[in-house]
Amino acid sequence: MAEKEKKHYRFGLVGKDIEYSFSRGYFSEKFKNLELSNHSYENFDLSEISEISKIIHENNNLYGLNVTIPYKEDIIPFLTKLNTEAKKIGAVNTIKFQDNELIGFNTDAYGFQKSIEPHLKNHHKKALILGSGGASKAVSYVFTQLDIAYKIVSRKPKKGQLTYEDLNKVLKEYQIIVNCTPLGTHPEIDRKPQIPYHLLTPNHLLFDLIYNPAKTAFLLEGESQGASICNGNQMLQFQAEKSWEIWTNTASS
């Protein structure tokens with residue numbers, strides 16, 4: 001037992017400009033509460049994704065990583081394999097180190113579904129997803145599972161996607177709006193996606209994946225129009241717990 005206690009289990013977050021991150025504080029507190037003094041969680045702030053190779057090869061006591069903006073898609077070529085759900089989504093936010101393999105998972109989808117479901121009403125049939133990055137892919141996957149039609153809104157739309165200018169025509173029909181862009185994140189809290197907020201109604205539900213601040217400019221505009229609002233804090237907690245569930249078998253083996 002004493003020998004096992006000496007083993008150090010390291011976990012961390014891969015991203016860019018992530019000093020603000022939720023994950024390090026959350027898991028550090030979790031390890032403290034569970035009295036896991038031989039567990040630690042740290043940030044790996046990368047200027048480009050290729051730096052991940054050095055981290056993986058120089059840290060042989062790493063047991064799991066989370067991945068955040070902007071690397072949820074770019075990380076995939078560095079992994080040994082993806083689990084079924086991550087493969088379908090096309091984005092990874094959790095990596096498990098097991099038997100010399102790096103296995104990619106997506107717990108964003110789980111976290112988003114668990115946090116948005118209590119807010120959905122019968123009239124919420126169609127959704128707009130603002131942004132087209134890795135987080136957007138997880139949200140799209142969830143809406144498919146929930147049989148909710150959706151459109152992705154992008155500044156550089158691909159075929160079948162909408163521009164922000166298109167929203168004047170469709171906002172009445174699409175009553176769920178999910179912000180998957182970083183606009184409004186602390187410290188730039190005055191920024192917000194450019195949608196026609198004056199067309200929002202109490203039938204609309206605005207969900208922001210951002211958690212800091214608790215009410216982004218996007219959510220405040222929605223609230224002022226009577227729309228229901230929800231931030232990303234619960235989603236982050238759900239996805240973090242799912243990540244821990246995935247890692248636990250590795251860390252305890």
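**Cores and salt bridges in a predicted model**

I'll start with the largest nonpolar core, which has 23 residues; F112, V139, F143, I176, V178, F207 and L209 touch the most other members. A nonpolar core here is a set of buried Ala, Val, Leu, Ile, Met, Phe, Trp, Tyr and Cys residues joined through side-chain atoms within 4.5 Å. Buried means under 20% relative accessible area, exposed over 50%, and partly exposed in between, with a 1.4 Å probe and protein chains only.

This is a predicted model: local features need pLDDT of at least 70, side-chain atom pairs count only at pLDDT 80 or more, and totals for chains, interfaces and linings use all residues. Residues are numbered from 1 along each chain as its sequence is written, and side-chain values use heavy atoms, leaving out hydrogens and water.

Helix α6 (134–145) is among the elements giving two or more residues to this core, and its share, six residues, is the largest. Helices (H or I, at least four residues) and strands (E, at least two) are DSSP runs, numbered from the N terminus. Beyond four places in sequence, F143 has contacts (heavy atoms within 4.5 Å) that include F112, I129, I176 and V178. A second, separate core of 19 residues includes F44 and L102.

Now the charged pairs. The whole structure has 11 salt bridges, each a side-chain nitrogen of Lys or Arg within 4 Å of a carboxyl oxygen of Asp or Glu. In one of them, E42 pairs with R10 at 2.8 Å between the closest N and O atoms. E42 is in strand β2 and R10 in strand β1, so the bridge ties together parts 32 residues apart in sequence. R10 is buried at 12%; E42 is partly exposed at 23%.
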